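The sequence and structure are shown first, and the account follows by topic.

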Amino acid sequence: KTENDKIQKLEESLADNKAQEDIKPRFYMLSEIDKSMKLHYDNGFNNTISLNSICESFRDFAANKLKLYYDISDIRSFIAGMAVSHFILMQGMSGTGKTSLAYAFGQYLGNESVIIPIQPMWKESSDMIGYYNEFTNRFNETNMLKTLYVANYTKDMYIVVLDEINIARVEYYFAEFLSLLELPDSEDRKIRIISDQKDNDPKKLKNGEIKIPKNVWFIGTANNDDSTFAISDKVYDRAMIINLDKKAERFNVPDSQSVRISGEYFDKIVAHAVTEYSITDRNRRRIMRLDEYLRTNFHVSFGNRIMRQLEKYVSVYIECGGNEIDAIDDIVSKKILRKLESQNPVYIKNALPGLYEFIDELYGENVLPRCREYLKRIELSV
């Protein structure tokens, strides 16, 4: 009888512990965010700044506050890239300021960027957003998950930096995000976090899913060396690409301050740029002729996705203070000519002189310097 009493008490104790565990939230940090956001107010945004002013004031802010110096054309490419896609891929030699640029933009917005160091063993989305631990009955909450959750509460712009993005295979661990970011309606961009739902789960977690809000941008920094994986066409096609190959000269600027911009307002001024500026018919015909030439001579073509990206990029780049030809030169070199790298290198080298000549015929000699420089790089690598 005494032994049976002990067993019964032990069972009751275990049941009580389980009941207590069930009461505790599985998502401790997200539940704490729910509490803190009761006092959050969305105000203090700058709703008058233009895209051109964003480019110039951000460049001055980075130089003045952080001693980071960038060419204005790189800043325009960065802002125009954000207008086109929520996934930016920044490439270049080590030390050219890829991570620093993404970090500086968060400082400029008054909303510090979240740096996620990619790990070589990552293979799926749970490596970034966390996983449920069956043993502890708790969810392992990551900085990525917390950032997505807070962004669902506010209107601020959020920058998530995927540092050294290609130290693991991007098309594995970021595949689900790539697909969701393609969806035209941001309300449909929901990623599953957990398989079930409990009453005390966080408020913004619906049916075990969290929305990837449209005020979040993912910026991947990539080094191309022997320690990294090649980035696939699937990733390149969906990303906007920024090449940082050299450091800008130092320059003096007056005192500069951060500027708080909401994601909604950024979308609004981007939409205005698309309405105000569009690629000219002449340049649209030129691009179609280039597409035809590449298909005929290199069996390379670009689809509707890249054409949509190109048209929006050109509009926003002009609104950022640039000109149409510079924008075309930039995006054609990074999104279209890049596809030549997947072709037979010997054939490419022999056929490049004809492509040089065709581009000069379309636009004029040396009018597209980035395209010429990119083709020269391909030629020298063979």
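## Nonpolar cores

Which residues of the largest nonpolar core touch the most other members? In this predicted model, they are Ile 79, Phe 105, Tyr 108, Ile 261, Phe 266, Leu 340 and Leu 355, out of a core of 77 residues. Helix 15, residues 345-363, provides the largest share of this core, with nine residues. Apart from this core lies another, of 46 residues, which includes Phe 87, Ile 167, Phe 174 and Ile 194. In soluble globular proteins, nonpolar side chains tend to be buried together.

The surroundings of Ile 261 illustrate the packing. When residues up to four places away in sequence are not counted, Ile 261 touches Phe 45, Ile 49, Ile 54, Tyr 108, Leu 109, Asp 156, Met 157 and Phe 266. Two of these contacts, Tyr 108 and Phe 266, are themselves listed with Ile 261 among the core residues that touch the most other members.

## Helix 5 and its cover

Helix 5 spans residues 98-108, and its buried residues are Lys 98, Leu 101, Ala 102, Ala 104, Phe 105, Gly 106 and Tyr 108. The elements covering these buried residues include helix 3 (51-66) and helix 4, together with strand 1 (87-91), strand 5 (158-163) and strand 8 (216-222). After helix 5 comes Gly 110, which has a positive phi near 70°.

The largest pocket holds about 760 Å³ of space. Its lining comprises 31 residues, of which Ala 83, Val 84, Ser 85, Arg 189 and Lys 312 are the closest to the centre. At least two lining residues come from each of helix 4 (72-84), helix 9 (175-181), helix 11 (263-276) and helix 13 (304-319). Helix 13 contributes the largest share, six residues. By class, the lining consists of 15 nonpolar, six polar and ten charged residues.

The second largest pocket holds about 630 Å³. Gln 91, Asn 224, Tyr 236, Glu 341 and Tyr 374 are the closest to its centre among 24 lining residues. Two or more of the lining residues are given by each of helix 10 (233-238), strand 9 (240-243) and helix 16 (369-381), and helix 16 gives the most, with four. This lining divides into eight nonpolar, nine polar and seven charged residues.

## Cysteines

The structure holds zero disulfides. Cys 320 is buried, with a relative accessible area of 1%. Its closest cysteine sulfur, in Cys 55, is 3.5 Å from the sulfur of Cys 320 and therefore too far for a bond, since a disulfide requires sulfur atoms within 2.5 Å.

Notes: Residues are numbered from 1 along each chain as its sequence is written. This is a predicted model: local features need pLDDT of at least 70, side-chain atom pairs count only at pLDDT 80 or more; totals for chains, interfaces and linings use all residues. Side-chain values use heavy atoms; hydrogens and water are left out. A nonpolar core is a set of buried Ala, Val, Leu, Ile, Met, Phe, Trp, Tyr and Cys residues joined through side-chain atoms within 4.5 Å. Buried means under 20% relative accessible area, exposed over 50%, partly exposed in between (1.4 Å probe, protein chains only). Contact means heavy atoms within 4.5 Å. On a 1 Å grid over the protein atoms alone, a cavity is a set of points where a 1.4 Å probe fits but cannot get out, and a pocket is an open set with protein on both sides within 12 Å along at least five of seven lines; lining residues have an atom within 4 Å of a point. Grid points are joined across faces, edges and corners, and a volume is the space filled by probe spheres set on the points. Ala, Val, Leu, Ile, Met, Phe, Trp, Tyr, Cys and Pro count as nonpolar, Asp, Glu, Lys and Arg as charged, and the others, Gly among them, as polar.
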